[in-house]
Amino acid sequence: DIARIKDHGDGWAFPGVMGKLALFDYRFEHRNVAPDFEAGLFDGFYENRRPIDWSNPVYDRSQQRKDGVFGSLGANLFDIVYMKGAYEKYQGRDPNIHAEASYHGSLVPKISEAGVDYDQKYVKSWKDIRLDNPNAFVTARVGFAAAPGVTLLMIVRQTYDEAGKKFDRTTRMVAQVNF
């Protein structure tokens, strides 16, 4: 993989390994990024932090490129519950984490999927992993089978506004057509 942000730096991932071993899905890769490059710029945090403050010292172009690692491990349990965790870390930056658990099945009538994800950037220590962290967000979703091939998804997302000392929640309803 290689990417470039216009008027800013670039990043690449090589070598990368992904596959399946027993019930585990895995992905591991070495990454290298320019100091003014943000891997996964358009992730779930983008809306909360745009416009990007390229003057932030973390993006100082005079710094050297940074090596890093990305790894994820997931497991599909009985074709009902899928669990996954991911870790991303670059030299001189605090790591990013992702955890998810989801249900895709037919055990519960009309519920085609349900899940919860937790994402956090810049984790300094395990004590930082908490819901009231401004660098974290939680997403919960429930999918209802509305008709054959049509799912209505309700998605609730929660972030924490440190300045206002309060949680911000957004709720969306999405119609999804499955081909």
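Buried residues, meaning those under 20% relative accessible area with a 1.4 Å probe and protein chains only (exposed is over 50%, and partly exposed lies in between), make up 34% of the 179 residues in the protein. This is a predicted model, in which local features need pLDDT of at least 70 and side-chain atom pairs count only at pLDDT 80 or more, while totals for chains, interfaces and linings use all residues. Residues are numbered from 1 along each chain as its sequence is written, and side-chain values use heavy atoms, with hydrogens and water left out.

The secondary structure comes to one helix and ten strands, where helices (H or I, at least four residues) and strands (E, at least two) are DSSP runs numbered from the N terminus. Along the sequence, these elements follow the pattern β-β-β-α-β-β-β-β-β-β-β.

Ten bridges join β4 (residues 66-77) to the antiparallel strand β3 (residues 24-33), and Asn32 has Asp67 in β4 as its bridge partner. Ten bridges also join β4 to strand β5 (residues 81-90), again in an antiparallel arrangement, with Gly71 partnered by Tyr87 in β5. Three residues lie between β4 and β5 in this hairpin, and Phe78 in the turn has a positive phi of about 60 degrees.

In soluble globular proteins, nonpolar side chains tend to be buried together.

Phe37 is in contact (heavy atoms within 4.5 Å) with Ala3, Arg4, Ile5, Gly9, Asp10, Gly11, Tyr59 and Arg93, leaving aside residues up to four places away in sequence.

Which strand holds Ser102? Ser102 is found in strand β6 (residues 96-104), and Ser102 counts as buried because its relative accessible area is 6%. With residues up to four places away in sequence left aside, Ser102 touches Ile80, Val81, Tyr82, Ala114, Gly115 and Arg141.

Contacts can also be viewed across the whole protein: among those with a separation of 6 or more, 42% are between residues 24 or more positions apart. Finally, the C-alpha atoms fill a box of roughly 55 × 45 × 35 Å, taken along the principal axes.

Definitions and conventions. Pairing = 2+ DSSP bridges.
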